[in-house]
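Please find below a note on the model, arranged as numbered points.

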Protein chains: 2
Amino acid sequence: MPGANGAPASKAAQGSQATQDSQAEQDDLLLEQQLCFALTVASRSVVGAYKPVLDRLGLTHPQYLVMLCLWEASPRSVRDISEALAQEPATISPLLRRLETAGFITRQRMEGNERTLEVRLTPRGAALREQATEVPGIMMARLGLTREQVRQLHASMMDLIAATRPRTDDPPRR
Amino acid sequence: MPGANGAPASKAAQGSQATQDSQAEQDDLLLEQQLCFALTVASRSVVGAYKPVLDRLGLTHPQYLVMLCLWEASPRSVRDISEALAQEPATISPLLRRLETAGFITRQRMEGNERTLEVRLTPRGAALREQATEVPGIMMARLGLTREQVRQLHASMMDLIAATRPRTDDPPRR
DNA sequence: CGCTAATCATTAGTGCACTAATCATTCGAA
DNA sequence: TTCGAATGATTAGTGCACTAATGATTAGCG
């Protein structure tokens, strides 16, 4: 457990009225209470916990997410996948190349529109879904979470994601 | 509104209703309800929201975390920092090299123990803290979160991190 | 003592994730 | 119909994060 050390070293709150708030602001830079820090550590930790499980499928975690994506709909474009995963096409592109090398997908240009790439499950990629059905249950058990707790945390994360979206008074793109 | 839910571990409604659970398991592979997915997106989104703010300080987000670390205690070893940030020394090493190039820290071997590196704030690095004090407030406002919501979410993340730690019946390393 | 084992940091190599630039194709308006 | 703009994917370049291997130094035991 990192950071059981730092002594907060309370500073004298300035003579103003809101002693409580001043104190809180005083500590705003303490590493141990940064939400962004807890969030990144949680993300890395949870993804790390998936690793031994996904290793058995021959997938990394980002690759697993792409496969989830394709198990829901099979011929999909790069842009489609990138939007579903909230990532740049430039991130997805090399990832798909590795999944093709692994034999889980094929990549070919769409006939009638040569700009678009059709990403399609191979039989082997489709079959992998059978093994993958176990994953969520294994992970819930490994993390000691109930389905309800997962639902709650998921909702919190979605709220947080929504909070990071640009304000609605911005240029209405599209 | 964004964090109005982050309720702590609510009780597990252990439903013995097979129909309910079967349906739930049926949907376990839906991308849109994966906690790990929401978590990684939330992490990337929040870190991304910091970018314009940290750009003004000349820091990336991981570099910001290192600086938070050093503002709490100035001569620290690489291992010390890596444990505080829950990251590998191999990740911290090149990061520190960039912070040195930027002029925020110095790196020199400890006298009396040449294995250990002393990472120390430069005056410029120490002075940067003044500008950084604004960051948490700006980010809370930008995300539309109250101090209490931040505290709740932080607690949820810490619980999740704790859940990923190996069982206590494992070999007592160290 | 002296040599082995442990500790600390770095480098090498892989994979993600982003921005910016590039290339090909297709759309659309003059 | 033709040419410029838009679209779709990839490549280049930077930075993070991990594991494994390496090198350097110290600790500690026989």
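1. Conventions. Axes are lines fitted to C-alpha atoms, for helices over the stretch in contact, and angles run from 0 to 180 degrees between N-to-C directions. Helices (H or I, at least four residues) and strands (E, at least two) are DSSP runs, numbered from the N terminus. The model is predicted: local features need pLDDT of at least 70 and side-chain atom pairs count only at pLDDT 80 or more, whereas totals for chains, interfaces and linings use all residues. Residues are numbered from 1 along each chain as its sequence is written, with chains lettered from A and ligands numbered from 1 in the order in which they are written.

2. Helices α2 and α7 of chain B. The axes of α2(B) and α7(B) lie 11 Å apart, at an angle of about 135 degrees. α2(B) is therefore oblique to α7(B); angles under 35 degrees count as roughly parallel, over 145 as roughly antiparallel, 65 to 115 as roughly perpendicular and the rest as oblique. The crossing is right-handed, the term for a near helix turned clockwise from the far one by less than a right angle, left-handed being anticlockwise. B:Ala49, B:Tyr50 and B:Val53 of α2(B) make the contact with B:Val135, B:Ile138, B:Met139, B:Arg142 and B:Leu143 of α7(B); residues are in contact if their C-beta atoms, placed from the backbone, lie within 7 Å. By class, these residues are seven nonpolar, no polar and one charged. Here Ala, Val, Leu, Ile, Met, Phe, Trp, Tyr, Cys and Pro count as nonpolar, Asp, Glu, Lys and Arg as charged, and the others, Gly among them, as polar.

3. Helices α3 and α5 of chain A. The axes of α3(A) (residues 61-72) and α5(A) (residues 89-101) come within 10 Å and cross at roughly 80 degrees, so the two helices are roughly perpendicular to each other. In this contact, A:Pro62, A:Gln63 and A:Val66 of α3(A) meet A:Leu95, A:Arg98 and A:Leu99 of α5(A).

4. Contact between the chains. Chain B contributes 57 residues and chain A 56 residues. On the side of chain B, α2(B) gives the most, with 15 residues. That side comprises 37 nonpolar, 16 polar and four charged residues.

5. The α2 pair. The axes of α2(A) and α2(B) are 9 Å apart, at an angle of about 145 degrees, and the crossing is left-handed. Contact residues include A:Cys36, A:Leu39, B:Cys36 and B:Leu39. The contact has twelve nonpolar, four polar and no charged residues.

Key:
Contact = placed C-beta atoms within 7 Å.
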